[in-house]
Amino acid sequence: MTSLLPARPAFGAPQSRHTLLVADAVDQGRRGASTWVEQELSLGSKVFYKGWVPAGQRADQHWITGPAGPRGARDALVTGQLEFLDLPTVVERSGATAGGVLELYADEVERALGDLWPTVAMTQESPELPMADHPDLVAEYARWEAGFEDLTRRLPVRMLCQLCVAAENETAVWETVAVHHGDVVDGFWSAARDDGHWAPSGDLDAHVARRFGAAVHGAMRAARDRADGPDLHLDLSGVDFMDVACADILMLAARSAPLDQHLVLHGASRFLRRLFDAVGRPASVYQSEDAP
Amino acid sequence: MTRGPGGRGEGLRHLGLLFDGPDDLVAGALPVLREALDGGDDVVVAADRATVRRLREGLGADAERIAFPVPAAVVRPAAPEFVHSVRDWVRPDRRTTVLGRYPATMPPRECRFGEDALNAVFGDLPLTLICCARRDLPPDLLEVVRRAHPRLATPVGDTGNPDYRAPATSSPTPAALWGEVAERVGVGGTADLAELRRCVADVAARAGLEGDAVRAAVLAVHEAAVLAVRRGDPAHADLTVEVRARPGHTLFCEVAGPRGVPAPEGLGAADTLAHVRPFCAGAHDDPALPAVRVLSTV
């Protein structure tokens with residue numbers, strides 16, 4: 001089993017980052033979050049953790065301070081390097097609106113930077129938003145995630161959004177991955193956006209096909225709004241394995257895109273190109289000239 | 001759709017023909033060849049001159065529609081490239097009927113492997129194969145003919161073969177036939193597919209496959225497992241995958257399961273493995289067991 005988060009050097013960690021950590025099950029998500037928090041504490045970041053506290057328990061009884069949690073979390077809670085807020089309180093304070101959520105987070109960042117912490121690390125557990133029942137919540141959620149993106153672009157903030165697939169409905173999983181397509185870590189695959197290229201990497205198979213489809217959808221949607229769009233430039237040089245389900249998803253996304261939007265493949269291996277041809281590559285999928 | 005290697009239908013029709021001399025051979029072959037010509041098949045007959053002459057006499061003008069390559073042009077079942085060459089006979093829009101003859105010098109074990117490979121993984125191909133063998137062949141080779149052909153071509157037509165034994169690909173199995181079991185992997189759901197791929201890649205490399213051939217074999221087995229997983233409860237599929245290798249020759253995988261799930265109905269003529277076939281030498285879906293088999297050649 002690979003690490004849930006790619007190992008990052010202690011020095012040279014990006015000043016800002018907005019990442020989605022996807023986990024199939026609660027314990028898997030906790031392992032990934034624990035690794036991340038431990039790393040941030042060791043880097044000297046101010047860490048804000050928002051999570052669910054089981055009924056009848058106090059914040060300091062949350063798993064993050066227990067044996068499954070990161071080393072040093074309990075001490076950090078005492079010294080103030082780590083601050084915990086339970087999610088019902090977040091909802092209460094923010095009103096579950098984009099404006100309210102962003103104001104709460106911005107206040108925390110401002111306070112931490114005012115206290116001279118060099119960087120701010122913020123993470124929240126899977127929010128269990130009832131998006132399937134409240135379609136208007138989808139747009140609201142997209143707005144506050146866009147606000148997070150803006151926050152991490154302007155200030156030294158590293159943000160880890162946690163998504164537990166077992167705890168969320170399909171709509172929430174789809175929208176969450178689509179919004180975070182630019183920086184996703186999901187078991188054996190991940191995706192990043194850089195220099196106008198969207199780069200999925202690792203193993204893309206039937207197990208993650210739906211989430212990969214959501215990310216492709218998000219990347220296509222975002223490309224249409226970009227100044228250098230609407231074509232989506234796809235860097236496939238980091239893909240170790242892709243199955244028919246995921247290849248189908250890419251080709252279907254290209255087929256269903258507006259007429260002026262194309263998929264431009266970069267770094268696709270000969271075998272991947274053979275796979276795309278086997279599942280049916282539409283004319284709107286181009287092969288760039290930098291093919292290996 | 002006939003998916004097994006038995007009767008005429010969409011799938012493979014694999015016939016044995018036992019004979020004493022050319023007249024005997026022609027008498028047994030004529031009913032099947034006439035049926036093939038009437039059905040619009042491509043027909044290929046690789047036989048000696050005496051047999052060809054008698055067939056021409058028996059079929060009259062229809063014999064002009066038959067290709068008569070020299071016998072050496074048809075790859076023997078015992079040859080390593082046999083399973084690969086069979087696919088070359090397949091035409092997309094019609095059946096192909098091929099008649100060939102067993103030479104007495106074929107090694108029986110290799111021959112049985114080639115014939116069983118046809119039965120196990122080429123069951124879906126639109127082919128009729130008539131394998132002719134003289135009754136005075138060495139006894140162990142004759143035994144292969146009797147055991148490896150589900151049906152027999154006779155002067156009264158195509159009949160069932162009571163001596164036929166389906167290839168046992170699952171344990172207990174004649175391991176030497178398919179190669180030793182290199183890996184046996186349990187697959188509970190799609191989350192286990194990464195481990196399966198690692199195992200297949202490992203065995204494929206040890207069997208002698210390289211580069212894209214390894215990637216193709218891995219993808220083909222992965223897709224076979226995905227198909228099987230989706231037939232049951234995707235989270236508790238309970239599949240067993242056996243990966244077998246004959247170094248330098250073949251990589252064979254059988255995905256068995258899901259158990260206790262009724263065979264899918266209403267598939268009709270749909271080829272459930274159409275997306276797999278470009279990446280392997282042969283693949284066969286056997287919903288009755290259920291099992292999906294994939295064969296890759298080095």
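This is a predicted model: local features need pLDDT of at least 70, side-chain atom pairs count only at pLDDT 80 or more; totals for chains, interfaces and linings use all residues.
Colleague: Thanks. Which UniProt annotation covers that stretch of chain B?

Modeller: The unreviewed UniProt entry puts "domain: Histidine kinase/HSP90-like ATPase" on residues 191-255 of chain B.

Colleague: And where in chain B does UniProt place "domain: MEDS"?

Modeller: At residues 13-150 of chain B, again according to an unreviewed entry. That span is 41% helix and 20% strand, and its end C-alpha atoms lie 8 Å apart.

Colleague: How is chain B divided into domains?

Modeller: There are domain 1, at 13-160, and domain 2, at 172-297. Taken over C-alpha atoms, the centres of domain 1 and domain 2 of chain B are separated by 29 Å.

Colleague: How many residues of each are in contact?

Modeller: In chain B, 13 residues of domain 1 are in contact with 10 residues of domain 2. On the domain 1 side, the elements giving two or more residues are α3 (82-86) and α4 (108-121) of chain B. α4(B) gives the most to that side, with 6 residues.

Colleague: What classes of residue are on the domain 1 side?

Modeller: The side of domain 1 of chain B that touches domain 2 divides into 7 nonpolar, 2 polar and 4 charged residues.

Colleague: Back to α4(B) for a moment. At what angle do α4(B) and α5 of chain B pack?

Modeller: About 10°, with the axes of α4(B) and α5 (residues 139-148) of chain B 9 Å apart. Because of that angle, α4(B) is roughly parallel to α5(B).

Colleague: Which residues meet there?

Modeller: From α4(B) you have B:P108, B:C111, B:R112, B:E115, B:D116 and B:N119, and they meet B:D140, B:L141, B:V144 and B:A148 in α5(B). By class, the α4(B) contact with α5(B) has 5 nonpolar, 1 polar and 4 charged residues.

Colleague: Switching to the two chains: how many residues of chain B are in contact with chain A?

Modeller: 13 residues of chain B are in contact with 12 residues of chain A. On the chain B side, the elements that give two or more residues are α7 (193-207) and α8 (212-231) of chain B.

Colleague: Which element gives the most?

Modeller: α8(B) does, with 6 residues on the side of chain B that touches chain A. The residues of that side divide into 6 nonpolar, 3 polar and 4 charged.

Colleague: Now chain A. Which residues does UniProt list for "domain: STAS"?

Modeller: Residues 201-280 of chain A, from an unreviewed entry. Over residues 201-280 of chain A the chain is 49% helix and 20% strand, with the end C-alpha atoms 22 Å apart.

Colleague: What about α6 and α7 of chain A, at what angle do they pack?

Modeller: Helix α6 (residues 170-179) and helix α7 (residues 209-225) of chain A pack at about 50°, with their axes 7 Å apart. That angle is why α6(A) counts as oblique to α7(A). The crossing of α6(A) past α7(A) is right-handed.

Colleague: Which residues make that contact?

Modeller: α6(A) brings A:V173, A:W174, A:V177, A:A178 and A:V179, while α7(A) brings A:R211, A:A214, A:A215, A:H217, A:G218 and A:R221. By class, the contact of α6(A) with α7(A) has 7 nonpolar, 2 polar and 2 charged residues.

Note on methods. Residues are numbered from 1 along each chain as its sequence is written. Chains are lettered from A and ligands numbered from 1 in the order in which they are written. UniProt positions are given in the numbering used here, feature names are shortened, and annotations may be inferred rather than shown by experiment. Helices (H or I, at least four residues) and strands (E, at least two) are DSSP runs, numbered from the N terminus. Axes are lines fitted to C-alpha atoms, for helices over the stretch in contact, and angles run from 0 to 180 degrees between N-to-C directions. Angles under 35 degrees count as roughly parallel, over 145 as roughly antiparallel, 65 to 115 as roughly perpendicular and the rest as oblique. A crossing is left-handed if the near helix is turned anticlockwise from the far one by less than a right angle, and right-handed if clockwise. Two residues are in contact if their C-beta atoms, placed from the backbone, lie within 7 Å. Ala, Val, Leu, Ile, Met, Phe, Trp, Tyr, Cys and Pro count as nonpolar, Asp, Glu, Lys and Arg as charged, and the others, Gly among them, as polar. Domain bounds come from an automatic or database domain assignment.
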